[in-house]
Amino acid sequence: MNSSNSPSITSWSDYKIDPRYFLLAFLASFFIAGQVYLGFFQTWDALILSVSTTVITELILVRIIYKKWQFPLSALITGTGISLLLSSHVLWPYVLASFLAIFLKFTVRFKGGHVFNPNNLALVILLFFLPQYAVSTPKQWSNGFGIMLLILLLGLIVAYSANRLDTVVAFLVGFFVFSLVRHYFFGEPLLGAMGPLWGASLQLFTFYMITDPKTTPGSRKARIIFAIMVALVDSILRTLSITNSQFYASFLISLLFTMPYRAYSKKLK
């Protein structure tokens, strides 16, 4: 992993092995296991529509902006993530979320890069403005030992390959500590406070969303602060009984911490 004094990862080409391939395998295994073993609500048409929308949108935008054709690996990952994290009784929200994720990645930018994880930003928009059509999927995920072990192992590989294992550890430790605070000081049942740690939904958020090298700080110290702040805001929102708290927490901290950090870091350079 990068030390706090090592050069920041600013491009996928900075990696010896592109960690996005591990991430795509991680998400694909989720979807296949969900369809074959766990009875996920999402169906293959949701995956096909989500991935098709992200791929087509990215191909067109890259061609328009950069005047070239480029293999849409990031779009494949984004579309698969949307199909896993979103649930709807109709199909068009998958298309809308997938389009927004890619479109906003190219348009909502600050100091040379996009600010928000594309999936997270799209989900926040749909969950906040269209709750009657879109919900997140925490209750459908299995908490069985086998699937959780698989999630943990694959997630650790993804986080390590992306040099973001420090972010994962900081968030999980922060979530654990703040869960204890909610239990002892706010009367939340211990199992209820700790329960999300054993759920695949939070694990997917932990290993997939907040480890995005393009939207997390470059230094280790800043990444740890970022992760703990996400855990803190998530815990506050849970105390206020606000659903989808982890997505809102990531959005708020990206806005209030990542953008100032990026501006300050650019000034130092």
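1. (Buried here means under 20% relative accessible area, exposed means over 50%, and partly exposed lies in between, with a 1.4 Å probe and protein chains only.) The side chain of Glu-188 meets that of Arg-182 in a salt bridge, 2.8 Å from N to O. Arg-182, by contrast, is buried, at 2% relative accessibility. A salt bridge is taken as a side-chain nitrogen of Lys or Arg within 4 Å of a carboxyl oxygen of Asp or Glu.

2. Please keep in mind that this is a predicted model, where local features need pLDDT of at least 70 and side-chain atom pairs count only at pLDDT 80 or more, while totals for chains, interfaces and linings use all residues. Residues are numbered from 1 along each chain as its sequence is written, and side-chain values use heavy atoms, leaving out hydrogens and water.

3. Now the overall picture. The chain has 11 helices and 4 strands; these are DSSP runs numbered from the N terminus, helices being H or I of at least four residues and strands E of at least two. Of the 269 residues in the chain, 51% are buried. Among contacts with a separation of 6 or more, 76% involve residues 24 or more positions apart, contact meaning heavy atoms within 4.5 Å.

4. Back to charged pairs: the count of salt bridges comes to 5. One of them joins Lys-105 and Glu-58, with the closest N and O atoms 2.9 Å apart. Lys-105 sits in helix α4 (residues 92-107) and Glu-58 in helix α2 (residues 44-66), so this pair ties together parts that are 47 residues apart in sequence. Both Lys-105 and Glu-58 are buried.

5. Asp-166 and Arg-223 also pair, at 2.8 Å from N to O. Asp-166 belongs to helix α7 (residues 165-186) and Arg-223 to helix α10 (residues 220-239), so the link spans 57 residues of sequence. Asp-166 is buried at 8% relative accessibility, and Arg-223 is buried at 0%.

6. How do α2 and helix α3 (residues 73-85) cross? Their axes come within 8 Å and cross at roughly 145°. (Axes are lines fitted to C-alpha atoms, for helices over the stretch in contact, and angles run from 0 to 180 degrees between N-to-C directions.) On the α2 side, the residues that meet α3 include Ala-46, Leu-47 and Glu-58; on the α3 side, they include Ser-74, Ala-75 and Ile-82. The residues of this contact divide into 7 nonpolar, 7 polar and 1 charged. For that tally, Ala, Val, Leu, Ile, Met, Phe, Trp, Tyr, Cys and Pro are nonpolar, Asp, Glu, Lys and Arg are charged, and the others, Gly among them, are polar.

7. The loop between α2 and α3 holds Lys-67, whose phi is near 60°, a positive value in a residue other than glycine. Lys-67 is exposed, with a relative accessible area of 63%. Asn-163, in the loop between α6 (145-161) and α7, likewise has a positive phi, about 55°. Is Asn-163 buried or exposed? At 13% relative accessibility, Asn-163 is buried.

8. The largest nonpolar core has 62 residues, and Phe-26, Phe-171 and Tyr-208 touch the most other members. (Such a core is a set of buried Ala, Val, Leu, Ile, Met, Phe, Trp, Tyr and Cys residues joined through side-chain atoms within 4.5 Å.) Beyond residues up to four places away in sequence, the contacts of Tyr-208 include Leu-23, Phe-26 and Asn-117.

9. Leu-23 lies in helix α1 (residues 19-38) and is buried at 13% relative accessibility. Apart from neighbours within four places in sequence, Leu-23 contacts Ile-77, Val-158 and Tyr-208. Leu-23 and Val-158 are 135 residues apart in sequence, with their C-alpha atoms 5.7 Å apart.

10. Finally, have a look at Arg-262, in helix α11 (residues 245-268). Arg-262 is buried, with a relative accessible area of 13%. Leaving out neighbours within four places in sequence, the contacts of Arg-262 include Phe-110, His-114 and Lys-214.
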